[in-house]
Amino acid sequence: MKTLEELKEEMAASGLDNYFDVLAPFAKESIRITLDARDEDTIPMGASKFGGCPDLPGDVAWFRREQADIPLSFIGQVNFAEIAPFDLEHKLPERGMLYFFYDCSPVPDGMPWGFDPEDSDGWKVYFYDGDMSALSRKTPPADLDEHENGVLFGSAGMRFETAVELPSPESDLTNDLDFPDDDELQDRYWEWSDEHTPELSNKLLGHSDNVQGGMELECEYVTHGNDCGTPDGYRVGKSKGLDKNAARWNLLLQVDSNENIGMMWCDAGRLYFWITDEDLASHAFENCWLILQCG
């Protein structure tokens, strides 16, 4: 695990002391995920994985989008018992399974971006903390069709490691911070950031690796009924004082475009599942909000 002190030394070696001093108070620990693409038959029942078929309790069916009545695509599952040694801040449960599903049907009806309050039907996050021996690997629904309404992704096991991360200057957590007014130094920071961001960045917790910009404000505004597809949604949200609540949003899971298992989020984008402090503490994972960003 890279410590905050080691991160400080790395940035200092690149002449980025001022950036570190501004960002360090917002440091967070993440659990980075390395994927091991392999046949699903080699992944044990109940193990953490992306893609393939979910290992759900026997009485829980494959999740569907309620309004359109189409199957959601299975993104992955995380076994918290495997995560516990890496969750040094103890933000996640010590046991149980967390499942992630998303509407991957063709656009414009599928792949919701998360800027519209109506998008909430387009994903499902389900937490199971019961008997793990009750899990069974589900068969894909007959109407899960790549050309019609979904994707069955290839499967990949997971390996984990803990990392200390600083927020991007584009994070909404840093909107009121004073960064060095030096274009050359700014360019150096972005070069350093690109070099230290994994080419494939899948993770739990920590700070989002933004493709387009900060998302904390968008999460706060849209979950209060404001359509953030236009500037008006941001204007109205700010007029209600909601911008003061941006810091309560936490990255729960970041899913990159993992092409080796067939995951491509528009133009090499990423999926981000967000959760508030309150819902994270109470394990109310069903209240997660999703945002899709792409280049």
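Student: Among contacts between residues at least 6 apart in sequence, what share joins residues at least 24 apart?
Tutor: Good place to begin, and keep in mind that this is a predicted model. A contact here means heavy atoms within 4.5 Å. Counting pairs at least 6 apart in sequence, the share that joins residues at least 24 apart is 74%.

Student: What radius of gyration does the protein have, and what would a compact globule have?
Tutor: The C-alpha atoms fill a box of roughly 55 × 45 × 35 Å along the principal axes. For 295 residues, a compact globule would come out near 19 Å, and the protein agrees with that, since its own radius of gyration is 19 Å.

Student: Which strands stand at the edges of the open sheet, and why is one side of each left without a neighbour?
Tutor: Happy to walk through it! The sheet has 10 strands in the order 8-7-6-2-10-1-11-12-13-14, with antiparallel pairing. Each edge strand has a single partner, so one of its sides has no neighbour in the sheet; these are strand 8 (123-128) and strand 14 (289-293).

Student: Which residue of strand 11 stands opposite R32?
Tutor: Strand 1 (residues 28-37) is joined to strand 10 (residues 156-165) by 10 bridges, with T34 opposite R159. Strand 1 also runs antiparallel to strand 11 (residues 202-205), through 4 bridges. There, the residue opposite R32 is K203.

Key
Residues are numbered from 1 along each chain as its sequence is written. This is a predicted model: local features need pLDDT of at least 70, side-chain atom pairs count only at pLDDT 80 or more; totals for chains, interfaces and linings use all residues. Side-chain values use heavy atoms; hydrogens and water are left out. Two strands pair if DSSP finds at least two bridges between them. Helices (H or I, at least four residues) and strands (E, at least two) are DSSP runs, numbered from the N terminus. The radius of gyration is taken over C-alpha atoms; the globule rule is 2.2 Å times the number of residues to the power 0.38.
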